[in-house]
Amino acid sequence: MDNYTEMYLDGSDGEKTPSELNDDRENMPLSDYLGPNRNSRKNENNDMLKKILSNTVEIMQSLKGLTSRIEKLEEDNKKMHCRQLTELSMTQKLIKPKKESPILKSPCNSVEEFKKLEDNLMKSPELNEKLEDEIFKHEGTDPSKFVRSMWRKILSDNVASQYSWKGTAKKKAIDIMAVTNAFRGAYNRKFLGSDKEFGRATVKWFQTAKERHSKKKK
């Protein structure tokens, strides 16, 4: 019996029904079902995994090397910083700041000496600032006492007896002198007050200068 006759007797035209196709798939070998490219895809995946692992190992080794270099740089920086601090400390010990000589070493004992101080102050703004700072640093909490004690450091009673606050026919005015301006600036910084007390204390100190000098001579 030929195929045509078998197909006729079976009542089919040679096409399989869906249920028959499903049966064929279920009975098909796994290798045929997955297809001929399964092994090649598996090999490709394995190769890719190997490359990823190899790249990962290389990256980890590179990171380890970078970490070691960074740690070495940090250690070198610490050593350099310590060395610089040591050198700076030694330099500071070797180079001692020059101590400036005070302007008011002793009271002016002559008019000529006092005029010389005044001339130097008139010529040098820096010297004016230095004198003001020097006076400001002297101790004192009572304004009047501070004024009297500082005038004693600036000039002697003998020289002071030849000056007065506003000046007279025989005495020179002290209020317009550079030394007085420097003293006034220090006083205002120290006591944050007006010039009135400074002026009153100064006037009185110069008024009694001749009397103080006479008593010292006896």
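Modeller: A salt bridge is a side-chain nitrogen of Lys or Arg within 4 Å of a carboxyl oxygen of Asp or Glu. This is a predicted model, in which local features need pLDDT of at least 70 and side-chain atom pairs count only at pLDDT 80 or more, while totals for chains, interfaces and linings use all residues. Residues are numbered from 1 along each chain as its sequence is written, and side-chain values use heavy atoms, with hydrogens and water left out.

Colleague: What makes D157 and K216 a salt bridge?

Modeller: The closest N and O atoms of D157 and K216 are 2.7 Å apart, and the limit is 4 Å, so the pair qualifies. D157 lies in helix α8 (residues 157-160) and K216 in helix α11 (residues 209-217), so the bridge ties together parts 59 residues apart in sequence. Helices (H or I, at least four residues) and strands (E, at least two) are DSSP runs, numbered from the N terminus.

Colleague: Why is D157 called buried, and why is K216 called exposed?

Modeller: Buried means under 20% relative accessible area, exposed over 50%, and partly exposed in between (1.4 Å probe, protein chains only). D157 has 6% relative accessibility and is therefore buried, whereas K216 has 61% and is therefore exposed.

Colleague: Which residue forms a salt bridge with E132?

Modeller: E132 forms a salt bridge with R189, their closest N and O atoms being 3.1 Å apart. This pair links distant parts of the chain, with E132 in helix α6 and R189 in helix α9 (residues 178-191), 57 residues apart. R189 counts as partly exposed because its relative accessibility is 36%. E132, D133 and R189 are linked in a network of salt bridges. The structure holds eight salt bridges.

Colleague: Why is N128 called buried?

Modeller: N128 has a relative accessible area of 19% and is therefore buried. N128 is placed in helix α6 (residues 125-136). A polar atom of the N128 side chain lies 2.4 Å from the backbone oxygen of L121. Contact means heavy atoms within 4.5 Å, and N128 touches L121, M122, A178 and A182, not counting residues up to four places away in sequence.

Colleague: What makes I59, M60, L63, L66 and I70 a nonpolar patch?

Modeller: Patches are made of residues with over 30% relative accessible area and no salt bridge; like charges are joined within 9 Å and nonpolar side chains (Val, Leu, Ile, Met, Phe, Trp, Tyr) within 5 Å. I59, M60, L63, L66 and I70 form such a patch on the surface, with about 480 Å² of accessible area together. L63, found in helix α4 (residues 38-94), has a relative accessible area of 45% and is therefore partly exposed. Accessible areas come from the Shrake-Rupley method with a 1.4 Å probe; for residues, only the protein chains shown count as cover.

Colleague: How many helices and strands are there in the protein?

Modeller: The protein has eleven helices and two strands. Buried residues make up 22% of its 218 residues.

Technical notes. A polar contact is a pair of N or O atoms within 3.5 Å; within protein, one must be able to donate a hydrogen and the other to accept it, and residues adjacent in sequence count only if both atoms are side-chain atoms.
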